[in-house]
Amino acid sequence: VHSTFANGCKKPPDGLSAGKHLLKLINEVLDLSRVGSGNLELSIEPVDMVLIVDNVISISKPLADEKGISLEYQEIPQGSYSIEADQLRFKQVVLNLVSNAIKYNKPNGSVVVSYEKQESGKMRLGIRDTGHGISDRHKDMLFRPFERFDIEAEQIEGTGIGLTISKQLIELMNGTIGFESTLGKGSFFYIDFPICD
């Protein structure tokens with residue numbers, strides 16, 4: 001039932017949650033054509049990875065709560081980790097990875113965010129989920145546009161381009177993105193960035 005205000009505007013239905021708003025934001029802002037054509041302007045500067053991830057987690061909590069998924073840090077990060085990146089684009093990628101981990105999870109599952117310093121002088125941001133995992137035959141297809149092969153993909157909102165764009169954006173910012181996954185046990189997506197001196 002929609003309520004109508006005096007000016008004729010419809011009140012948004014109660015089901016239009018923060019989670020749906022988050023998905024809409026990701027789908028709108030991740031623009032495959034601009035990234036692919038090289039017409040995307042990046043503003044590379046030192047940014048605090050921890051502050052951005054903290055913000056993503058707070059934005060994503062309502063979606064996690066709505067789905068019955070716990071969202072937490074493996075260990076609360078101490079201090080800050082400065083990387084050279086475009087703040088908005090980095091945030092979009094982390095939002096995409098965290099929302100995917102929530103969307104494609106199992107009921108009462110969990111998403112755990114972690115930080116790990118690499119021997120190469122890079123910081124690894126990890127996002128581990130307890131979802132269905134990805135089969136070996138699908139792993140090579142994961143970063144291709146419009147590939148959606150999760151068991152419940154038809155019921156889950158999304159365009160199938162988020163990971164493709166995420167990979168391109170991270171590489172444009174001189175980072176790397178990858179994943180490990182075991183069918184039936186979940187996935188671990190990670191982003192590696194050089195830490196600023």
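Rings of Phe, Tyr and Trp (its six-membered ring) count as a pair if their centres lie within 6.5 Å. With that in hand, here are some close-ups of this predicted model.

**View 1. Three tyrosines in one cluster.** Tyr 73, Tyr 81 and Tyr 115 come together as one aromatic cluster. Across the structure there are five aromatic pairs.

View 2. Among the five aromatic pairs is the one between Phe 90 and Phe 193, edge-to-face with 5.5 Å centre to centre and 85° between the planes. The pair ties together distant parts of the chain: Phe 90 belongs to helix H4 (residues 87–103) and Phe 193 to strand E7, 103 residues apart. Phe 90 is buried, at 0% relative accessible area, and Phe 193 counts as buried at 0% too.

**View 3. A salt bridge between Arg 124 and Asp 192.** Here the closest N and O atoms are 2.8 Å apart. This is another link between distant parts of the chain, with Arg 124 in strand E5 (residues 122–129) and Asp 192 in strand E7 (residues 186–194), 68 residues apart. Arg 124 has 16% relative accessibility, so it counts as buried; Asp 192 is buried as well, at 8%. Arg 124 also has its charged end over the ring of Tyr 190, 3.7 Å from the ring centre.

View 4. The structure holds two salt bridges, and in the one between Glu 171 and Lys 167 the closest N and O atoms are 2.7 Å apart.

Note on methods. Residues numbered from 1 in each chain as written. Predicted model: local features only at pLDDT ≥ 70, side-chain atom pairs only at ≥ 80, totals over all residues. Heavy atoms only, no water. Salt bridge = Lys/Arg side-chain N within 4 Å of Asp/Glu carboxyl O. Helix = DSSP H or I, 4+ residues; strand = E, 2+ residues; numbered from the N terminus. Buried < 20%, exposed > 50% of the residue type's maximum accessible area, 1.4 Å probe, protein only. Phe/Tyr/Trp six-rings, centres within 6.5 Å; stacked < 30°, edge-to-face > 60°. Lys NZ or Arg CZ within 6 Å of the ring centre and 35° of its normal.
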